[in-house]
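Open the model in your viewer and keep the sequence panel beside it. Each stop below says what to select and what is there.

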Amino acid sequence: MEVGTFVSWLRDAASTMHDNASYLTGLDSAIGDADHGANMDRGFQAVVALLEESSFESVDELMKKAGMTLVSKVGGASGPLYGTFFLRFGTALAGVSPITAEAVGEAFRAGVGGILQRGKAELGDKTMYDAWAPALDAYDAAVADGSDLAGALTAAAEAAAKGRDATVPLVARKGRASYLGERSAGHQDPGATSTTLLLESAARTLA
Amino acid sequence: MKKLINEPGDVVSEALRGMAAAHPDRLRVDHENRIVYRKDGPRPGKVGLISGGGSGHEPMHGGFVGLGMLDAACAGEVFTSPVPDQMMAATRGVDAGAGVLHIVKNYTGDVMNFEMAAELAAADAGTEVLSVVTNDDVAVQDSLYTAGRRGVGVTVLLEKIVGAAAEEGRSLQEVADLATRVNDNGRSMGMALTSCTVPAAGKPTFELADNEMEVGIGIHGEPGRQRLPLAPASEIAAMLVDPVVGDLPYQQGDAVIAFVNGMGGTPLIELYLMYNEVAQLLDRAGITVARSLVGNYITSLEMAGCSVTLLKADDELVRLWDAPVNTPGLRWGV
């Protein structure tokens, strides 16, 4: 896979976040502070600006720069979390060639590990991790079954969507929604939703 | 949405331009990094104090930059934490060789971004950084199953008291220890009569009927712990004071700094009416008010409502509270 393929992912993710900005902010209004969509849109538009200004020789350099841009532009908790994902994802791909489904799996694992380390969330806390964790498991299982990259990413996106839907009845235990206590139940987690959008975008573009 | 704005996306940067224009004697603003600096800093040998957070809480934090309080404040988007780049730049900008204290309110985003900034500063080498996280909101249970208590009203009192201590030339460790002591002795609880509208969202974060109120709110327009029927001020005061007093607990004979804070949309006449109720409740509990503060200091845009903060205060804290301060938001003794 070439650098251009990963550039396509970032561009597609940016337009997806833009198209879903109101939807994400609406979800965040119910149990958070009504800024998730605007923040993700601003962050990914900055990534697009980065792609316009610079060209990248390697996937790891591209992903690390994109990660630093998200950290700098998104703000909130989502900036450090998504930024850390891309930083670790890129670092894991440094010097890797060719980039196989297994290599993407290793990078995926490193990225999710970074989110876990920074966010300290557990499964069922009603956070983005509830989408990331099953997505990573599904990806690994698909690769183990002999699936190619496209198949594995599709499985990951489907598992993320299931994880996202499963956040609805949960009572939040991390992040701003946790301040609502029991009242956070009955709402879909905005972070798990944007994670699913990002992985669906990967499944569309990284194949 | 009816607001005095041009474009929703320009609210923070244009407000910072206004602060710079209004207070050229006291403030210097780095517009690119969105940092409000004290005009006469950094001062050699003085510990640098920086804070920051989402915008929409004015005068906190930019309005608390100046003599006797903060050296710099980083402004994020409305209700969104600033980013590590800003905190790094501010840390470098206020470092006068005595180290820098980060004052962080306990919100997931703020804590993560300040942590990343501290890690980057360590890698960058040079500046010694310590952090204090405020978490005084008794509406949130502090347990493994939440993000912990929110940092609210005590942050204002802490920035004033710790600012005075830094002005005296105390060491970074002494200033950090004092900050921890202030946070440990302060508790707050807030309520809302209305929601507020984040400019980028364009509509109120939640809907409240005319006969309803939210109790146990934070400062980001988020709904509170409970929605209750609207009640007289005397009953609302008890709903705020009782859990605060019971939590530390504040006891008969204790002296406190009592702070009735407006959320941004409540007139001062109602805040004084509330303060009267709060003072009576404290008097009945045998708690002495050593000093008081009434007004809009840590707000949630145009939300109507208030919060009550108590800080158990010994003679030293009262003396530091009384020390000169000259900021756009608080000014006395100068």
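Select residues 129-144 of chain A: this is helix α7, 16 residues long. Helices here are DSSP runs of H or I of at least four residues, strands are E runs of at least two, and both are numbered from the N terminus. Check the length of α7(A). At 1.5 Å a residue, the helix should span 22 Å, and its end C-alpha atoms are 22 Å apart, which agrees. The expected span is 1.5 Å times one less than the number of residues.

A word on the model and its labels. It is predicted, so local features need pLDDT of at least 70 and side-chain atom pairs count only at pLDDT 80 or more, while totals for chains, interfaces and linings use all residues. Residues are numbered from 1 along each chain as its sequence is written, and chains are lettered from A and ligands numbered from 1 in the order in which they are written.

Stay on α7(A). Buried means 20 or more other C-beta atoms within 10 Å of the residue's own, exposed means 12 or fewer, and partly exposed lies in between; C-beta atoms are placed from the backbone. Among the buried residues are A:Tyr129, A:Trp132, A:Leu136 and A:Tyr139.

Now show α6 (101-119), α8 (149-166) and α9 (190-205) of chain A. The buried residues of α7(A) pack against these helices. Contact means C-beta atoms, placed from the backbone, within 7 Å. Next, pick A:Gly146, which follows α7(A) and has a positive phi, near 95°.

Zoom out to chain A. Chain A has 9 helices and 0 strands. Buried residues make up 60% of its 207 residues.

Move to chain B. Select α6 (residues 233-247) and α7 (residues 268-284): their axes come within 9 Å and cross at roughly 55°. Axes are lines fitted to C-alpha atoms over the stretch in contact, and angles run from 0 to 180 degrees between N-to-C directions. The contact includes B:Ala237 and B:Val241 of α6(B), and B:Met274 and B:Leu281 of α7(B).

Last stop: B:Asn326, in strand β13 (residues 325-326) of chain B. With 17 C-beta neighbours inside 10 Å, B:Asn326 counts as partly exposed. The C-alpha atoms of B:Asn326 and B:Leu281 are separated by 32 Å.

How values were computed. Two residues are in contact if their C-beta atoms, placed from the backbone, lie within 7 Å.
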